[in-house]
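Please walk me through this structure, starting with its salt bridges and going on to its sheet, one of its helices and its aromatic rings.

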Amino acid sequence: MSANCATCASATEFDATTTYDVCIVGAGPCGLALLSAVHAQEGNLTDEQQATMQARGRRGRIKKSEREALKVCVVDPAGAFLHEWRGRFDALDIALLRSPAWAHPDFFSEAALQEYAWRRGREAEIHSIDDFTTTSLRRLTEVNAGLFRLPGAGLFSDFCCDLSKTLPHAMLRGEASRVEKLGDGGYAVAVGDASVRTRAVVFALGAATTPCVPPQFALAPTIVHSNDWRALRDLDFGSKDTVLVVGGGLSAAQAALRAAKRGAGRVVLCSRRKLCTRTYDLELDWMNRRSTGKGSARRRLYEFKGAPLEERRAFVAKARGGATVPQYYLDLLKKAEDRGAIAHFVDEVCDVQELDGAHRVAFNKSEPLVATKIILATGSQLDCGTIPLLRDTAKRLALPVVSCLPAVDDSLRWGDEDLFVVGALAQLQVGPDAGNLTGARRAAEICAANLGSHDDLVEDYNVLANTYDVFGDSSDTESETGSSSTD
């Protein structure tokens, strides 16, 4: 899987004389999901909207009207979709996604990825990881349909590449550096020497995070953070190398396995606590979108939306919990340990000193270790203040920021401007899965609807009203007292 997929670049050239309806800044999975939602030809009600309508005992009347496709320009430094995503996956030799097969950027059908695999004889690249017979998901039809299996990275990459070719858009290669408001109410997005005129801007910046580097370490050519996939990719391993991997999550496990696979003489994985396992990034309850009972995704989102904006980041952190590793990778680590390729112990680094081109690492309890290369898989932080484009735009247009994140409203609009945010940076409204593919689909739908993409759906009997306020309806025996905002 190449990090440079030129075939994914749009054949439509950017036109500086065009005023675009939407400018999407970022060409990762979130940007692609939004592009797909924007061009959805049918404004179908989602499962959540149908459930709301049924729970209230009303019939929705859907009126369709002809509309022109929105003109969309996508801005990305690589000029191609999923460049950064592919780079990160290649740098860690990631074979499987951690999101279920229904969570992909194609808005038209949740089964699209599975159908894509079937049409190309690649069904074996969607992997069964759990039968779910003893879990809260056991009654979901999607489980029996295979939609909770995990797709292979290569299959997902090819699927997204082919999807992008079917969606009309202009692609401008470069980094967006500034967003200016124009006198006509539109915006100008500065990209190098070019300027994109647009009526609305969507920030789909994906994994725009700042790596958390423990104070004992200083990044150097032989000390890299897993967040920097280019530096990680360029690390060479030899039989004389002792590689220390610090971290207790999936990236740490992947980095250790990669170093062992690439020929490192010794690989040591140090985590602060025992490795914990979980299939997906979130508990299974967050994947149960059908049930309205206690512990279901809808109920959890209702609770999330009921919390004040200032408390939601803490809610997200609690829902996501600490670092976890899928059982698939724990099994690989166990096999590597059994054959002596990887050693794992629970401890904390207390001191690091340079030593003849290597590093002497001291631990709280274990014996010191001399490492020739160190990989820090110690997580990262989201802070829009560390992203120049967002920091400067927020300051220039007086946009609200809460808990270091854009304080977007229920429509994912930032402030009173036609500026929108999707991806992990929108977690104050989207919820704990904002940075995952599951949240990308939901955010794309919300954002596209508010960009006018689904104007052929006329709101009638509150069909498009709050997805989760059904839980505050006294006519619903399972509901709780309270109200929530529109998602």
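Asp-241 and Lys-373 meet through their side chains in a salt bridge, with 3.1 Å from N to O; a salt bridge here is a side-chain nitrogen of Lys or Arg within 4 Å of a carboxyl oxygen of Asp or Glu. Asp-241 sits in the loop between helix 7 (229–233) and strand 13 (242–246), and Lys-373 belongs to strand 19 (residues 373–376), so the bridge ties together parts that are 132 residues apart in sequence. Both Asp-241 and Lys-373 are buried, where buried means under 20% relative accessible area, exposed over 50% and partly exposed in between (1.4 Å probe, protein chains only).

The model is predicted: local features need pLDDT of at least 70, side-chain atom pairs count only at pLDDT 80 or more, and totals for chains, interfaces and linings use all residues. Residues are numbered from 1 along each chain as its sequence is written, and side-chain values use heavy atoms, with hydrogens and water left out. Helices (H or I, at least four residues) and strands (E, at least two) are DSSP runs numbered from the N terminus.

By the salt-bridge rule the count comes to 23. Asp-93 forms one of them with Arg-258, where the closest N and O atoms are 3.9 Å apart. Asp-93 lies in the loop between helix 3 (83–91) and helix 4 (112–119), and Arg-258 in helix 8 (residues 250–261), so this pair connects parts 165 residues apart in sequence. Arg-258 is buried at 5% relative accessibility, whereas Asp-93 is partly exposed at 25%. Asp-93 also has a salt bridge with Arg-262, at 2.9 Å from N to O. Arg-262 lies in the loop between helix 8 and strand 14 (266–271), so here the parts tied together are 169 residues apart in sequence. Arg-262 is partly exposed, with a relative accessible area of 40%.

What is the strand order of the open sheet of four strands? The order is 1-9-8-7, with mixed pairing; two strands pair if DSSP finds at least two bridges between them. Strand 1 (19–20) and strand 7 (176–181) stand at the edges with a single partner strand each, so one side of each has no neighbour in the sheet. Strand 8 (residues 187–191) and strand 9 (residues 194–198) are antiparallel and pair over five bridges. Within this pairing, Val-191 stands opposite Ala-194 in strand 9.

Helix 10 (residues 312–320) has Arg-312, Arg-313, Val-316 and Ala-319 as its buried residues. They cover an arc of only 125 degrees around the axis, which puts them on the same side of helix 10; the arc is that of the directions from the helix axis to the C-beta atoms. On the other side of helix 10, Ala-314 and Lys-318 are exposed. Just after helix 10, Gly-321 takes a positive phi of about 70 degrees.

The aromatic pairs number 10; rings of Phe, Tyr and Trp (its six-membered ring) pair if their centres lie within 6.5 Å, and planes under 30 degrees apart count as stacked, over 60 as edge-to-face and the rest as tilted. Phe-203 and Trp-414 form an edge-to-face pair, 6.2 Å centre to centre with 80 degrees between the planes. Phe-203 is in strand 10 (residues 201–203) and Trp-414 in the loop between strand 22 and strand 23 (419–421), 211 residues apart. Phe-203 is buried at 0% relative accessible area, and Trp-414 is buried at 0% relative accessibility. Elsewhere, Trp-85, Phe-89 and Phe-156 form one aromatic cluster.
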